[in-house]
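Dear colleague,

Please find below the structure that I am handing over to you, followed by an account of what was found in it.

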Amino acid sequence: MLLRHTPKEINERRALTINPAKTCQPIGAMYAALGVHGCLPHSHGSQGCCAYHRSALTRHYKEPISAGTSSFTEGASVFGGQANLLQAIDNMFTVYEPEVVAVHTTCLSETIGDDLPQIIDKAGKDGKIPAGKHVIYANTPSYVGSHVTGFSNMVKGMARMAESGGHKNGKVNVIPGWVEPADMEEIKRLAGLIGVGIILFPDTSGILNGPLSGEFKMFPEGGVTIEQLKSAGDSIGTLALGEWCSADAARYLDTNNKVPCRVLDIPIGLKATDRFVDALRIIAGVSVPEEVTHERGQLVDMISDMHQYFYHKTVALAGDPDQLIALTEFLVSIDMWPIHIVSGTPGKAFVGRIKELTADLPCQVNVKSDRNADMFLLHQWIKQQPVDLLIGNSYLKYISRDEDIPLVRWGFPILDRVGHQYFPTVGYKGGLRLLEKILTAILDRKDRDDTEQAFELVM
Amino acid sequence: MSHAIFEERKDQIFEKVGDEPFRISCDKQSLAGAVSQRACTFCGSRVVLYPIADALHLVHGPIGCASYTWDIRGALSSGPELHRYSFCTDLGETDVIFGGERKLARALDELIPRHRPQAAFVYSTCMVGLIGDDLEAACRKAEEKHGIPVIPVMSEGFKGSKRAGYYAACKALFTLVGTGDTDGTPPMSVNLLGDFNLAGEIWIIREYLERMGVSVVANVTGDGRVADLRRAHGAALNLVQCSGSTMELAKMMQEAYGTPFMRVSYLGVDDMAQALYDVAEFFKSQEAMERAKELVRREVADIYPRLMELRKDLQGKRAALYVGGAFKAFSLIKSFRLLGMKVMLAGSQTGTQEDYQELASICEPGTVIVDDANPLELMKYLIEKDVDVFVGGVKERPIAYKLGIGFCDHNHERKLALEGFVGMLNFAEEIHATAMSPVWRFMPRKARPALKVAA
């Protein structure tokens, strides 16, 4: 038992996180920034932060991740990092020639109190930002929130590029939230089918799921362009997918550029996708095209074909709020019971939403977010009340192994399997894939555990 | 990308051409804005200490430092698995303002009674260095309260590169050494420094030594135990691998306890055999030498036929390597030579002047030597030198693959033991698997478009 040091009895913890269900802000900012065309993320802090984020993203995407670092030293930590950042901006534009540099802070530069807008402004005035190139930024103190907060902050940094030219561009801004490149592609496809022109930001499709070309491109094709971001101020509306990842940027555009916004859940599962499709349909003023209805029908079809296997299966989940809310709704809608749910990301509304979504379940649902809502606690809950299935990132594999519970890998990070880069789990098509994974896990387990007499060919 | 190499970085790269005298600049801070492959002080300390399996490892800082170092390195344990947990004080905004010492004390109060570790290491992070928590005092208090060593690791990330972290780790380790009873330690005994038991490697080395009649007192730190570290000063000799990470500890022990040390490498046939002979020689034991020779004969006989088979395919292929410390590079160059391959590029994140000097002396003409490279520089030379296999770490792997070049992880993510004679065979198999993979046929390798970078 790898996790044999985890006791079944739960004691109140006040000062400690064990086996976290979160990480820190800057990596979220880095991931978001990679969804801007020609963008080099820059970590304003020690070298280690940047190396860790690049490594973690590399392991998850199996793609090269480039990012600069201010390479703080003891001196910079005392006198402030302005000189480092100015030199870094200069060096990056000179040597790597990005279109955009996206600077995020770290706990180090935040604690020192470096003033990003002021330093970037100075870089501009000193001529360190070449004409036509841009620097966007986000404050991402690692001691506040989580990786999700950092993502949201950088997306807001993108929204700050928006300009209002007076003429509406007829497009809809869609802020997809922290989803995979394949999900972003799927959102664009769905919008295309419905006939809505969208500006999607960030957009990591093509950047973090690229082909083997025989070339190493620091800036692969893809990503939202600065032109598009500027134009986002003239869009007819914004759909923000996920309160935690996307709402801040959408509200910023609403307030500053008078682009009205709606905050929806990430379109994971039947109902959330219905709402997303409906929102797009209303904006476009069309009825839902046959092709989309067809895909929806296929998802309902699969649920009906296999519903007996979902029936009252208990599930434990770990991950990020936006994803878990949508997933919980989906699971409940197919008669599964998510009974243990943790997210390390703070936000009281999360627990409220989950309680609401699971209110009709005839069993107790454990849900916790913020500090101490970690995989150690989740494991203790599972020891108290075992489940049939785990859904979450690769770190759940320890619990999966020890407790002999099948695991569907979903979320961030996935360090030991592939597929998430290429196959979406949003939309109706994504719902099919998610169900396929869940079913395979459940049925493989049944096949493994059935007695010889009970072992069945047809399921 | 007209100039892949920073003007300021030119003296950190050396191409061995003709009789030009060797010169390289190294051991300096990366340029701000560089896409460096390096990490920080905290990272250095964490990788050195974390394999000690019966100790508690508590990261005092924000959550990221703990998340990113949660069991990322396959340092195996034959017993406890506490080191594979991630413990963190998870500092928040109020802690930045009011300090994190109380939180730290509470965390230790909870963890030590529950897990009963033999010692606790508390890692300092950037933020702790800035907010001014008195880590040493907090650890001292906890030590008195709980009766186990609670050791502060002064590993604030901004202090420097990984090398500074190795030093902080060595200082922390040194506080344990000398606190245990050395009675009954056999005269022919060693400590293994700088082996982290990735994929079970330290078990291979221990078995070789045991076959020679040499006992191992402490593993530093792969499959390490606190009690062994405490009595490590009883060993007659320190064997230091991966000189960057634990050399300082060896020096401290030599000064304090007179324990001599020897630099060894367990990678490749030549260096592995040499290490065993050197140990036998050190103990002036004819019997140990005979046993070592017999061991080498057997082990080499076991792997040789297969090695030669693999060599047939690999003969003439070109390799590049970019590793953490330069010491590893020496053995790798010899290993590639044994496979009939040529090393075209050799680089490291944290090599020293003398490391690079030695590297240059064993490399063939035309080899590029580089300190603290960035991805564009790596790409430039991989293409220019028409490399078939690249040896590196996690961030280098996808770069190689994108270029259609084979790759072998000789770092955290190695999946097979690469030390010892069996390790040489594993290495050869891995190189063969990747260099000869049919996948490269699916990309226009020879028809590779001229790269913009080759300005």
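I begin with the length of a helix. Helix H13(B) has 13 residues, which at 1.5 Å a residue should span 18 Å; the C-alpha atoms at its ends are 19 Å apart, and the two values therefore agree. Please bear in mind throughout that this is a predicted model.

Helix H13 of chain B covers residues 326–338. Ten of its 13 residues are buried, so that H13(B) is mostly covered. Among these buried residues are B:Lys328, B:Ser331, B:Leu332, B:Ser335 and B:Phe336. After the helix comes B:Gly340, which has a positive phi, near 80 degrees.

The partner of this helix is H14 of chain B, residues 353–362. The two pack at an angle of about 15 degrees, and their axes are 9 Å apart. Because angles under 35 degrees count as roughly parallel, H13(B) and H14(B) are roughly parallel to each other. Their crossing is left-handed. On the H13(B) side, the residues that meet H14(B) are B:Ala326, B:Phe327, B:Ala329, B:Phe330 and B:Ile333. H14(B) contributes B:Asp355, B:Tyr356, B:Glu358, B:Leu359 and B:Ile362. By class, this contact has eight nonpolar and two charged residues, with no polar ones. The five residues named on the H13(B) side, B:Ala326, B:Phe327, B:Ala329, B:Phe330 and B:Ile333, are also buried.

I turn next to the contact between the chains. Here 61 residues of chain A are in contact with 66 residues of chain B. On the side of chain A, the elements giving two or more residues are strands S1 (17–18) and S3 (68–69), together with helices H2 (47–61), H3 (74–79), H4 (82–95) and H5 (107–112). H2(A) provides the largest share of that side, with nine residues. By class, the side of chain A that touches chain B has 26 nonpolar, 23 polar and twelve charged residues.

Finally, one residue of chain A may be of interest. A:Ile341 is found in strand S11 of chain A, which runs over residues 337–343. Since 20 or more other C-beta atoms within 10 Å make a residue buried, A:Ile341, with 31 such atoms, is buried. Its C-alpha atom is separated by 5.8 Å from that of A:Ala318, although A:Ile341 and A:Ala318 are 23 residues apart along the chain. Leaving aside neighbours within four places in sequence, A:Ile341 is in contact with A:Leu317, A:Leu324, A:Thr328, A:Ile354, A:Asn366 and A:Val367.

Yours sincerely

Definitions and conventions: Residues are numbered from 1 along each chain as its sequence is written. Chains are lettered from A and ligands numbered from 1 in the order in which they are written. This is a predicted model: local features need pLDDT of at least 70, side-chain atom pairs count only at pLDDT 80 or more; totals for chains, interfaces and linings use all residues. Axes are lines fitted to C-alpha atoms, for helices over the stretch in contact, and angles run from 0 to 180 degrees between N-to-C directions. Helices (H or I, at least four residues) and strands (E, at least two) are DSSP runs, numbered from the N terminus. Angles under 35 degrees count as roughly parallel, over 145 as roughly antiparallel, 65 to 115 as roughly perpendicular and the rest as oblique. A crossing is left-handed if the near helix is turned anticlockwise from the far one by less than a right angle, and right-handed if clockwise. Two residues are in contact if their C-beta atoms, placed from the backbone, lie within 7 Å. Ala, Val, Leu, Ile, Met, Phe, Trp, Tyr, Cys and Pro count as nonpolar, Asp, Glu, Lys and Arg as charged, and the others, Gly among them, as polar. The expected span of a helix is 1.5 Å times one less than its number of residues. A residue is buried if 20 or more other C-beta atoms lie within 10 Å of its own, exposed if 12 or fewer, and partly exposed in between; C-beta atoms are placed from the backbone.
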